[in-house]
Amino acid sequence: MIDIQLSEKPLDVKTCLDWVMDPACGGIDVFIGTVRNATKGKEVLRLEFEAYERMAIKELQKICENALVKWPIHRISVHHRTGVLQVGEIPVIIAVSAAHRAAAFDACRYLIDTLKETVPIWKKEVFADGEVWVAAHP
Amino acid sequence: MHLKILAFGIARDIFGGSQTVVEIPENATVSGLKTQLEAKYPRLQKLASYMIAVNDEYAQPGQTLSATDEIAIIPPVSGG
């Protein structure tokens, strides 16, 4: 069971937890990304996220389906934010429920790592003296 | 044929807008399109990498393009 959302509105951890909660599960693993106040010692003012929405949802669906094949997990919720985020706000939540914790931990890590590699979402770091699209240049 | 190319992230800055149009021979491939785009926008060559998506899927270099495809340039992703 997979729940995927891209949203311009603030994300809610409890919504993801409630969605993955399942009486057959013994645990839930959650990854919450938060906007950090600095990159390489330089103060970050805010992040701006942009998505190729239809493709991003399709790619997220693929990695969630892969996770369900690779690990004995029950439910996955992936919510990703778009738009302008301030320091401390949440760009991404991934929640995974499973009968046993090892599968939930492993699947959750796979989901966030793969999201960062393949899902067409981009973030721009805005500094006091300029801005940078993250990962764009070598 | 005319192809409309959608742009996101840094590609939008390089194109100076959310899309660009290129004129390309019928049956051109993804790598042909990349060559043409790089001639028009040399800054693309400075990126760490970039992919082309066709109809919401990452495309292979030899894949043939058609005027009805939805084509997008996918610079290095950085979600999460």
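**A tour of pockets and cores**

The lining of the largest pocket comprises eight nonpolar, four polar and four charged residues (nonpolar: Ala, Val, Leu, Ile, Met, Phe, Trp, Tyr, Cys and Pro; charged: Asp, Glu, Lys and Arg; polar: the others, Gly among them). The model is predicted, so that local features need pLDDT of at least 70 and side-chain atom pairs pLDDT 80 or more, while totals for chains, interfaces and linings use all residues. Residues are numbered from 1 along each chain as written, chains are lettered from A in the order written, and side-chain values use heavy atoms, without hydrogens and water.

Select Thr34(A), Arg36(A), Leu47(A), Lys123(A) and Gly80(B), the closest to the centre of the largest pocket among its 16 lining residues. A pocket is an open set of points on a 1 Å grid over the protein atoms alone where a 1.4 Å probe fits, with protein on both sides within 12 Å along at least five of seven lines; lining residues have an atom within 4 Å of a point. Next, colour β4(A), which gives the most to this lining, with three residues.

Move to the second largest pocket, whose lining includes Thr39(A), Lys40(A), Glu125(A) and Phe127(A).

Now select Leu37(B) and Ile73(B), which have the most contacts inside the largest nonpolar core, a set of 35 residues. Such a core joins buried Ala, Val, Leu, Ile, Met, Phe, Trp, Tyr and Cys residues through side-chain atoms within 4.5 Å, buried being under 20% relative accessible area (1.4 Å probe, protein chains only). Finish at Phe49(A), Ala67(A), Leu85(A) and Ile112(A), which are among the 32 residues of a second, separate core.

Key: Helix = DSSP H or I, 4+ residues; strand = E, 2+ residues; numbered from the N terminus. Buried < 20%, exposed > 50% of the residue type's maximum accessible area, 1.4 Å probe, protein only.
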